[in-house]
Amino acid sequence: MIVTVPFSPVHPSQTEYVRDRAYYLSELITDVSFDNGKLEVSYSGRDTEQFRKKLESLVEESRKVRTLSKKRIKQSGVHECGTHEPGYPRIAERPRDPHAFASSFNGGVHLQGEAALLPAALERLFRDKLGPAGFVLRKYPSLMSREIMTKSKYPVHFPQNIYRLSELSHDIDRITEFHRSGGNREDLYSTTDFYMQPCVCFQVYNELGEQAGPVPGNVVYAATGRCFRHEHRSRINEVRGLEFDMHEFVYVGDADFVRKTRDELAEKTWELFCELGFTGVVETAADHFFHHVDVGKTLFQLAGELKYELRVAPRKGLAWSLASFNLFGDVLCSSFGIGGERNILHSGCAAYGIDRWIQSLLYYYGDRSADWPSAIRERL
C-alpha cells in the first residue's frame with residue numbers, strides 16, 4: 001500500500017532529513033519517494049492511519065531543520081554524470097551495464113575469483129599512496145565493549161545503526177533446554193556487553209585513553225577492520241551493506257596538525273581517485289544524526305567544514321560515498337580521557353569504505369585483473 005502525505009520542502013535538506021528517517025519508522029517500509037508536493041511511502045502494515053500520523057510528524061519535524069548548502073571542494077566529470085543519488089537506488093535493478101558489480105550476499109559484498117584479492121590490494125594501496133609520514137599500524141578485533149561505545153556516544157547519536165551481541169549463558173539447564181528445542185528457543189538468549197564495531201577509530205581512542213603517562217601528540221594511526229551497521233533492509237544494496245571493511249587513518253595531536261593532516265589526506269585521496277579514472281566530487285557533508293534535537297550538530301559540521309565526503313558518480317543519477325575526512329575537535333579525546341585534563345588533544349579520521357572502492361573498480365573496469373589500473377594490479 002502507498003501511504004501519501006503532503007510535503008513541500010523549501011530546502012533540499014528537508015527532503016534528505018525525511019528520506020533518511022522515514023525508513024526507521026517501521027520495518028514494513030519498502031520504498032520512500034517524493035512527487036509533486038507529496039511524500040509517498042510503500043508500507044505493508046495494516047495500521048495505515050497510525051502510520052500516516054507518524055509520517056505527518058516526521059514532515060513537521062523536517063520544517064524545523066535549518067542547515068547550509070553543501071560546498072563543492074573538488075569535482076571531476078560532474079557535468080557528464082551528475083552526483084545526485086535519488087533516495088537509495090535499487091542498483092541491481094538498473095539496466096545491465098557492460099561492467100557488473102560484485103553481488104551482495106547476506107548484507108555484505110560477495111567476491112569471486114581475482115576480485116577476492118581486491119580488499120588486501122586496496123589496503124596496501126591506501127597505505128602506500130596515502131599514508132602520512134611516520135604513521136603507525138594497528139589491528140583490532142571486531143568486538144567492542146559497552147564501555148567503549150558509551151564513551152564514544154555512538155548509541156546516543158546513531159542508535160539505528162547498532163548491533164549488540166546476544167548469547168546463551170553458560171548454564172547447564174539453559175543450554176540443555178536450548179539443545180532440546182533444536183536451537184529454536186530465542187527466549188533463552190541474553191544480551192551481552194559486547195557490540196559489533198560500527199567503525200575502527202573508537203578502538204584507537206580507547207587504546208590511547210588507557211595508556212599510562214602522557215600520550216604522544218601529532219601521530220597518525222592506520223587500521224583496517226570489519227565494521228557492522230544495522231541498516232534498514234530496504235536500504236541494502238551492492239554499495240550499502242550490513243557489514244563492510246573500513247580502512248581508517250586516525251590523527252591525534254594539536255589542532256593545526258589535525259586540520260593539516262585531514263586536508264592533506266583529502267588532497268592525496270582525490271589525486272588517487274583521479275588516477276584510478278573515477279569521476280565524482282568532494283563536498284562538505286554532515287553525519288546523519290538520528291534525533292531531530294541533534295540537527296544543530298549538522299549545521300555546525302557544515303559551517304565549520306568539519307566533514308568532507310568523497311563521492312563517486314559513474315553516471316547520471318548514480319553516486320555513492322567512498323570516503324570521508326573528518327575533524328572532531330577535542331570531543332572524542334576528551335570523552336576518552338586522552339591527554340589528561342590540562343592537555344586535551346584534538347583528533348580526526350579519514351575513513352575509506354573498502355567494499356565501495358571495490359564496487360567502483362568493478363563498475364568501471366569489470367572483474368578481469370588485466371583490465372584494472374596498474375596501481376591495483378601492482379598490489380595484488
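A residue counts as buried when its relative accessible area is under 20%, as exposed when that area is over 50%, and as partly exposed in between. The exercises below apply this and a few other cut-offs to a predicted model.

**Exercise 1.** Decide whether Arg226 and Glu243 are buried, partly exposed or exposed, and describe how their side chains meet.

*Solution.* Begin with Arg226, whose relative accessible area is 28%, so that this residue is partly exposed. Glu243 has a relative accessible area of 29% and is therefore partly exposed as well. Next, turn to the contact itself: the two side chains form a salt bridge, with 3.3 Å from N to O.

**Exercise 2.** Find which parts of the chain are tied together by the salt bridge between Asp128 and Arg379.

*Solution.* In this salt bridge, the closest N and O atoms of Asp128 and Arg379 are 3.0 Å apart. Asp128 lies in helix H4, while Arg379 lies in the segment after helix H13 (374-377), and the pair therefore ties together parts that are 251 residues apart in sequence. Arg379 has a relative accessibility of 14%, which means that Arg379 counts as buried. A search of the whole structure finds 21 salt bridges.

**Exercise 3.** Describe how helix H4 packs with helix H12, and name the residues that make the contact.

*Solution.* Helix H4 covers residues 118-130 and helix H12 residues 354-365; they pack at an angle of about 105°, and their axes are 10 Å apart. Because angles of 65 to 115 degrees count as roughly perpendicular, H4 is roughly perpendicular to H12. On the H4 side the contact is made by Leu118, Pro119, Leu122 and Phe126, and on the H12 side by Ile354, Trp357, Ile358, Leu361 and Leu362. Sorted by class, the contact of H4 with H12 has nine nonpolar residues, with no polar and no charged ones.

Key. Residues numbered from 1 in each chain as written. Predicted model: local features only at pLDDT ≥ 70, side-chain atom pairs only at ≥ 80, totals over all residues. Heavy atoms only, no water. Axes fitted to C-alpha atoms, helices over the stretch in contact; angles between N-to-C directions. Helix = DSSP H or I, 4+ residues; strand = E, 2+ residues; numbered from the N terminus. Parallel < 35°, antiparallel > 145°, perpendicular 65-115°, else oblique. Contact = heavy atoms within 4.5 Å. Nonpolar A, V, L, I, M, F, W, Y, C, P; charged D, E, K, R; others polar. Salt bridge = Lys/Arg side-chain N within 4 Å of Asp/Glu carboxyl O. Buried < 20%, exposed > 50% of the residue type's maximum accessible area, 1.4 Å probe, protein only.
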